[in-house]
Number of protein chains: 2
Amino acid sequence: MPSARPLRRVTVFAPATIANLGPGFDALGLAIHKLGDTVTAERVAKPGVTLVVHGRRAGLPTKSTDNVAAHVARLVLEACAPELGVKLTLTKGMPIGSGLGSSAASCVAAAVAVNALLPRPLPRAELIRFCAEGERKASGTAHADNVGAALLGGACLVRGGNPPDVWPLVVQDVFTWIVAHPHVVVRTADARKILPRTVPLAIATRQWANVAGLVSALASGDAALLARSIDDAVVEPARAPLIPCFYGVKEAALAAGALGCSIAGSGPSMFAAVRTDGPVRRVAAAMRDTFRREARVGCDLTVSRVNREGARIVRSAVR
Amino acid sequence: MPSARPLRRVTVFAPATIANLGPGFDALGLAIHKLGDTVTAERVAKPGVTLVVHGRRAGLPTKSTDNVAAHVARLVLEACAPELGVKLTLTKGMPIGSGLGSSAASCVAAAVAVNALLPRPLPRAELIRFCAEGERKASGTAHADNVGAALLGGACLVRGGNPPDVWPLVVQDVFTWIVAHPHVVVRTADARKILPRTVPLAIATRQWANVAGLVSALASGDAALLARSIDDAVVEPARAPLIPCFYGVKEAALAAGALGCSIAGSGPSMFAAVRTDGPVRRVAAAMRDTFRREARVGCDLTVSRVNREGARIVRSAVR
């Protein structure tokens with residue numbers, strides 16, 4: 001339904017996301033709190049998109065033609081209101097190349113913000129295709145696991161396709177997600193290159209059984225099943241060498257009481273799942289200490305329950 | 001808890017099951033009503049297992065040393081009460097080599113029946129390992145997708161392992177499962193031999209996304225998601241040639257309003273899922289008619305909602 005009076009300016013926060021969640025490569029994503037990007041979109045007279053970037057980070061494209069937020073904003077405008085002019089202000093609130101859906105957060109914040117300025121905003125789910133195109137610009141593939149979760153909140157399933165076929169999943173809010181971001185950079189494109197091209201059937205079968213277990217455990221809140229199902233026999237072995245002391249950190253997290261621990265997205269961040277009434281602080285400390293002690297790498301910790309809301313409008317003005 | 005007075009004789013029905021459910025090869029199973037095997041177990045003086053078979057079918061081993069029901073009964077006795085003697089009467093109520101878990105139904109009925117005679121019966125979930133060994137005898141692999149569902153009812157997830165790691169799944173009772181069993185024989189062992197040894201990563205990814213969608217759709221009752229997720233890009237293409245006119249029957253089922261259609265277990269039976277308030281009869285007729293018209297093969301139809309109960313004791317006597 002078009003709003004009675006179109007917005008002139010809107011500010012949107014889109015959260016960081018954990019893609020894959022272990023076995024669910026390119027299929028599962030989950031939104032968390034705290035980390036994320038903020039985009040303000042403001043109508044201006046001149047058609048097209050202009051971009052201002054705050055909170056510069058190494059590797060962040062600030063030119064409007066290179067930046068994914070501006071790219072997605074342009075795609076939305078071209079499809080829905082080519083006559084409109086929008087000034088985007090991107091405040092980068094999370095690191096680039098962290099594996100936590102940094103480009104997705106920018107894409108989603110931009111899409112939701114620009115959409116809110118339209119005379120007839122699209123339903124949120126229809127923004128996924130624009131955001132996935134932003135991911136294509138960022139990494140070469142239009143994957144939607146991060147953008148789906150950032151846009152819709154909670155956990156989501158991506159069934160591939162173009163536009164991507166994204167479905168919300170039921171998630172019980174009984175687990176806490178710890179993300180440790182070590183201070184090294186892994187480019188998504190590089191992390192995709194080293195993946196195996198084929199998978200033995202027995203390994204693939206184990207993987208889809210674990211994906212089934214993970215979906216079931218998220219829906220039921222069954223910690224024992226979650227613990228067994230965060231088991232990635234396909235992608236983790238290939239990508240682990242990109243992360244300093246991956247197996248040491250994982251072992252430390254599990255020894256400290258994590259239910260499961262694997263790579264967030266394409267890394268280098270690692271996530272651990274812990275019962276919210278369990279040893280959350282101990283697991284977080286174990287991961288940070290192991291990175292520091294065994295790999296001599298500092299890391300940032302984020303501790304969060306699932307973010308059910310996804311991208312949210314934090315401010316708006318009609319004039 | 002041991003019963004106050006041990007049973008002397010017990011009769012158990014174990015249902016037919018649809019394994020794989022499309023994409024979930026070796027991971028998912030679902031129990032149905034109507035078809036199944038019945039086993040009566042009776043204490044006798046002489047230790048060990050003796051077997052009587054009713055309802056003989058082509059290919060059914062009737063010797064105690066070859067029959068899977070007797071094999072499972074022996075395994076349970078050896079583990080729990082080697083001094084006991086049991087006379088088993090197997091009434092085969094379903095066809096062999098149908099893909100509907102015929103051997104699993106025999107294994108499960110035998111295990112539950114013999115277990116009920118024990119001074120200290122095991123919890124039902126602990127019978128899975130004996131039943132999976134029965135499957136190993138029947139087909140060479142100790143798969144547990146059929147036995148898990150036949151034993152526990154509803155739908156189940158098998159995460160592999162030895163003993164198999166089996167978990168119940170949440171299933172909304174909103175779908176009707178149509179099974180068409182054409183009058184041809186496919187041996188499970190043969191159907192396993194023709195599987196691909198490796199799977200391209202992109203196909204495997206599509207498969208586990210579909211497994212995730214299927215688990216989610218069973219739990220939520222979402223017909224649209226179920227329809228998209230019954231999509232098997234790995235096993236169905238390999239096994240379809242074993243079934244006369246597979247693609248014609250599948251197309252006819254979908255055209256008649258089925259949400260999805262694929263191979264039941266290792267075939268040759270095919271299953272279709274239909275909304276219970278949808279065109280159930282039309283889909284069933286379309287499948288039967290296509291087998292008859294295009295493949296000149298007769299088939300038996302079974303139409304059933306999910307069987308939540310699994311194996312059940314139908315009669316018992318203490319003396």
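These notebook entries record what I looked up in the predicted model of chains A and B.

**Conventions.** I kept to residue numbers that run from 1 along each chain as its sequence is written, with chains lettered from A and ligands numbered from 1 in the order in which they are written. Because the model is predicted, local features need pLDDT of at least 70 and side-chain atom pairs count only at pLDDT 80 or more, while totals for chains, interfaces and linings use all residues.

**Entry 1, chain A overall.** I began with the secondary structure and found 10 helices and 12 strands in chain A, where helices (H or I, at least four residues) and strands (E, at least two) are DSSP runs numbered from the N terminus. The radius of gyration of chain A is 19 Å, close to the 20 Å given by the globule rule for 319 residues, so the chain is as compact as a globular protein of that length; the radius is taken over C-alpha atoms, and the rule is 2.2 Å times the number of residues to the power 0.38. Along the principal axes, the C-alpha atoms of chain A fill a box of roughly 60 × 40 × 35 Å.

I then looked up burial, for which a residue is buried if 20 or more other C-beta atoms lie within 10 Å of its own, exposed if 12 or fewer, and partly exposed in between, with C-beta atoms placed from the backbone. Of the 319 residues in chain A, 57% are buried. For contacts I used C-beta atoms, placed from the backbone, that lie within 7 Å; among the contacts in chain A with a separation of 6 or more, 75% join residues 24 or more positions apart.

**Entry 2, the interface.** I noted that 36 residues of chain A are in contact with 36 residues of chain B. On the chain A side, strand 5 (155–158), strand 6 (166–169), strand 8 (198–200), helix 6 (201–220) and helix 7 (223–229) each supply at least two residues, and helix 6 gives the largest share, 15 residues. That side divides into 21 nonpolar, nine polar and six charged residues, counting Ala, Val, Leu, Ile, Met, Phe, Trp, Tyr, Cys and Pro as nonpolar, Asp, Glu, Lys and Arg as charged, and the others, Gly among them, as polar.

Strand 8 of chain A runs antiparallel to strand 8 of chain B, and three bridges join them, pairing being taken as at least two DSSP bridges between two strands. In this pairing I found Thr198(A) bridged to Pro200(B).

Chain A can be laid on chain B with an RMSD of 0.0 Å by a turn of 180 degrees and a shift of 0.0 Å along the axis, after least-squares superposition on the C-alpha atoms of residues with pLDDT of at least 70 in both copies. The two copies are therefore related as by a two-fold rotation axis, and the same surface serves both, since 100% of the contact residues of chain A recur in chain B.

I listed the buried residues of helix 9 (residues 246–255) as Phe246(A), Val249(A), Lys250(A), Ala252(A) and Ala253(A). Seen down the helix axis they fall within an arc of 165 degrees, so they line one face of helix 9; the arc is that of the directions from the axis to the C-beta atoms. These buried residues pack against strand 7 (175–182), strand 9 (260–263), strand 10 (270–275) and helix 10 (280–295) of chain A.

Strand 5 is joined to strand 2 (residues 28–44) of chain B by three bridges in the antiparallel sense, with Gly29(B) opposite Cys156(B). Strand 5 also pairs antiparallel with strand 6 of chain B over four bridges, where Val158(B) stands opposite Val166(B).

Most residues other than glycine have a negative phi, and most peptide bonds are trans. I found a cis peptide bond from Asn162(A) to Pro163(A), with omega near 0 degrees, and Pro163(A) lies in the loop between strand 5 and strand 6 of chain A. Asn20(B) has a positive phi of about 75 degrees, and Leu21(B) has one of about 55 degrees. Asn20(B) is buried, with 27 other C-beta atoms within 10 Å, and Leu21(B) is buried with 30.
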